[in-house]
Every structure is written in structure tokens, then in C-alpha cells.
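Please open the structure in your viewer and keep the selection tool at hand.

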Amino acid sequence: PSPSCALVSLRRAASINAEYMGVILALIQLTESLALSQVLPYMAFFVRDITGAESTSDGNVLNSGMLVACYSYGQMLTCHFWGYLSDKVGRRPILLIGMVSNIITLPLFGFSYNLTMAFVVRTICGAMNGNMGVVEHI
């Protein structure tokens, strides 16, 4: 094959990979958004089951809101670190770390047996998941 034929096939492969990469990055953003928001419908019931108090009590409302906010707080604390690290080691390893951390921490959060564990696991889930900032710069 001529060099121009090889160049055309490389360009075609690169365009196909770019299309797939866009879909994959969109799915990564979707999973991170789901990690943040999937707990919203059942958070009050989750806190009620852990604490044993009424779901409408002031303490449960406050704890539910704080548990939802812990994820974003963890992300806020580590977003610059993940951006720096992605510049040093590459985007792909950081995206993989974020996805694997979701796989590990989301079930741990669901199996939390007290409020302290739920707060710690939810904060770690956010802190280990810096994918939104990394995906934005690809």
C-alpha cells in the first residue's frame, strides 16, 4: 500500500476513535452526575433507618442535606489535585481511578451502618472522583 493510503486509513481510524471517545466521555459525566444525585430520592429514608428517628425531624432533615453536600465538599477539596495529577500522569488513569472509586464507594455508602460511616464514605466518594474537571479539558 502507498503511504497516502496508510495516511487515509489512519485518519479514518482517528475519526472513529474520536466519535467513540465522545460517547465514552459523555457516559463518564453521566455516571458522576448519577453518583451525586442518585441518593436524593431516598436520603431521608436512609437517614431515618440509620438513626431510628422520625424522617421529618429537624435532625434528619439536616443530616440528609449534609450527606448530600458531602459529595460536593469532597470534590471541592480535591479538584485541583486531580487536575494537577491528570496533567502529570495523563487523563485516562485519573478517569479510571474516578470510575473505580465510584464502584467501591457507592455500595459502601449503601451499606453504611451508622451516620459517621455514611458521612466519611460519601466524602471519600466525592474526593476520589475528580472526573468532571478532567473530562472538561479533553
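Begin with Leu-27, which counts as partly exposed because its relative accessibility is 48%. This residue belongs to helix α1, which spans residues 3-37. The model in view is a predicted one.

Now turn to the aromatic rings. How many aromatic pairs are there? The count comes to two. For one of them, select Phe-46 and Phe-109: the ring centres are 4.8 Å apart and the planes stand at 35°, so this pair is tilted, given that stacked pairs have planes under 30 degrees apart and edge-to-face pairs over 60. Phe-46 lies in helix α2 (residues 43-51) and Phe-109 in helix α4 (residues 91-110), so the pair links distant parts of the chain, 63 residues apart.

Arg-122 lies over the face of the Phe-109 ring, at 5.6 Å from the ring centre.

Finally, select the cysteines Cys-70 and Cys-125. Cys-70 counts as buried because its relative accessibility is 11%, and Cys-125 counts as buried at 2%. A disulfide is a covalent bond between the sulfur atoms of two cysteines. The structure holds zero disulfides.

Key. Residues are numbered from 1 along each chain as its sequence is written. This is a predicted model: local features need pLDDT of at least 70, side-chain atom pairs count only at pLDDT 80 or more; totals for chains, interfaces and linings use all residues. Side-chain values use heavy atoms; hydrogens and water are left out. Rings of Phe, Tyr and Trp (its six-membered ring) pair if their centres lie within 6.5 Å; planes under 30 degrees apart count as stacked, over 60 as edge-to-face and the rest as tilted. Helices (H or I, at least four residues) and strands (E, at least two) are DSSP runs, numbered from the N terminus. A charge sits over a ring if NZ of Lys or CZ of Arg is within 6 Å of the ring centre and within 35 degrees of the ring normal. A disulfide is a pair of cysteine sulfur atoms within 2.5 Å. Buried means under 20% relative accessible area, exposed over 50%, partly exposed in between (1.4 Å probe, protein chains only).
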